[in-house]
Amino acid sequence: MKITRVASTPVCLPIPPRSYASDDAGTKREWGRLSRLSPKRPGTILEYLVVRIETDQGAAGIGEAPVDIGFFGQTLEEVQAAIDDYLGPQIVGLDPFDREYAMHRIDYRGNSCAKSGIDLALHDLMGRALGVPVSDLIGGSHRTRVPVAIEIAGGAPADMAAACVAYMARGVRAFKPKIGGIPDQDADRLRAIRDAVGPDVSLRADANQGYSPKEAIRLCRLAERHDVGLELLEQPVAAWDLQGMAAVCRAVDTLIEADESCYSIHDAMQLIRHEAADVLNIKIAKAGGLYAAKKIAALAEAAGLKCVLGTAFGLGIGVAAKLHLAASTVAVTDTVEFTEIGLHGNLLAPPHDARLALPLEEDGCLPVPDGPGLGVELDEANCGKYRAAP
Ligand SMILES: [Mg+2]
């Protein structure tokens, strides 16, 4: 079997504005800067590229690449050009099962989202060609349902607590509020949320690089003193400050998770060498696909660390991929982050348009798709409505 074509299609979905004010809440790094809005994109939107890989034997696969200049640092136009003009042509003519070589051929510096879109389509294609779910290709399935966590935007403590309670009515049992501003005010936010959601709900927090090491230590000590049950604190300090991350790790009992510090397998190795994290956040689009994500999980396992699978948005294809990764990887923590299902509907065909969406069933979980490949299909007509100009 030979790959004959790799092509991407841009899709743009509007997201509703927040129901509460976020001024001076959430991470200090975003106060007044790093806006996603521009003259060309004046409204709040999320952009994606759907990647399709075709072969000479009729087998095909789909993947997706999220695009976000605020997080991944690349625009839709850049990622599309990378896929269509550079990475895609490198693998035309290869056997799609030559995964190691194919990913090596497209291992340009950066470009994790473009690589990830291609990697997901390759996995979908291989699974479909063999008639097995992707989880069977990457380690099997040690669980069929995965508990869901949702991130909560920064704001006034009462507003953040109310947002959690509203999600609980839709079946969500785990939350990761955005903090990273003033530690004492952030501790009040965590207390308000814990008081509102009760003792049985999982509570993590993401500082999005907002603290200095000393501020991060203060936040953790306040959270420990107030017994808010904080499972972990994500990326307390700047992504580049591995010594600062290590200082926080040493000073507190709270588990410290690396997100923006952990893109590639090399980043994961640096974090391990510096003892700069207790937990590694894997996002498939940061890692550059499922193949690289499994390598990061193996590094974490060897170092005695755990992995959290984080939110990276998506049209539903990425949700399915995350479920296959969670099902097949024992180094991944129980709860997986799926904020995307609360931001906009997916573009999947039935039954997964409803199955991989809110509200969740009683157990607060999403089911791992069990069909061939990633196990989901795009609703092409619905997708067409959101097609963006190339
Ligand atoms: Mg994060």
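Colleague: Where does Pro-359 lie?

Modeller: Pro-359 sits in the loop between H14 and strand S12 (365–367). Keep in mind that this is a predicted model.

Colleague: Which bond joins Leu-358 and Pro-359?

Modeller: Here is the general idea to start from: most residues other than glycine have a negative phi, and most peptide bonds are trans. In this chain, Leu-358 and Pro-359 are linked by a cis peptide bond, with omega about -5°. Another cis peptide bond joins Pro-350 and Pro-351, where omega is about 5°. Pro-351 belongs to the loop between helix H13 (340–343) and helix H14 (352–355).

Colleague: Let's turn to strands. How many bridges join S1 to S2?

Modeller: Strand S1 (residues 3–14) and strand S2 (residues 45–55) run antiparallel and are joined by 11 bridges.

Colleague: Which way do S2 and S3 run, parallel or antiparallel?

Modeller: They are antiparallel, with eight bridges joining S2 to strand S3 (residues 60–67). Within that pair, Leu-49 stands opposite Ala-65 in S3. S2 and S3 form a hairpin with four residues between them, and Gly-58 in the turn has a positive phi of about 90°.

Colleague: Now helix packing. At what angle do H5 and H6 pack?

Modeller: Read the angle together with the distance between the axes. Helix H5 (residues 157–168) packs on helix H6 (residues 183–197) at an angle of about 35°, with the axes 8 Å apart. Their crossing is right-handed. On the H5 side, the contact includes Met-160, Cys-164 and Met-168, which along with others meet H6 residues including Arg-189, Ile-193 and Val-197. By class, the residues of this contact divide into 11 nonpolar, no polar and two charged.

Colleague: How do the axes of H9 and H11 cross?

Modeller: The axes of helix H9 (residues 265–273) and helix H11 (residues 290–303) come within 9 Å and cross at roughly 15°. Because angles under 35 degrees count as roughly parallel, H9 is roughly parallel to H11. H9 passes H11 in a right-handed crossing. Ile-265, Ala-268, Met-269 and Ile-272 of H9 make the contact with H11 residues, among them Lys-295, Ile-296 and Leu-299. The residues of the contact divide into nine nonpolar, no polar and one charged.

Colleague: Zooming out, which domains does the assignment give?

Modeller: The chain is assigned domain 1 (3–131 + 380–385) and domain 2 (137–367). Their centres, taken over C-alpha atoms, are 21 Å apart.

Colleague: How many residues of domain 1 are in contact with domain 2?

Modeller: In general, the size of an interface is often given as the accessible area lost when the parts come together. For this chain we can count residues instead: 35 residues of domain 1 are in contact with 32 residues of domain 2. S1, S2, S3, helix H2 (99–105), helix H3 (112–130) and helix H15 (380–385) each supply at least two residues of the domain 1 side. H3 gives the most to that side, with nine residues. The residues on the side of domain 1 that touches domain 2 divide into 17 nonpolar, nine polar and nine charged.

Methods
Residues numbered from 1 in each chain as written. Predicted model: local features only at pLDDT ≥ 70, side-chain atom pairs only at ≥ 80, totals over all residues. Axes fitted to C-alpha atoms, helices over the stretch in contact; angles between N-to-C directions. Left-handed = near helix turned anticlockwise from the far one by under 90°. Contact = placed C-beta atoms within 7 Å. Nonpolar A, V, L, I, M, F, W, Y, C, P; charged D, E, K, R; others polar. Pairing = 2+ DSSP bridges. Domains from an automatic or database assignment. Parallel < 35°, antiparallel > 145°, perpendicular 65-115°, else oblique.
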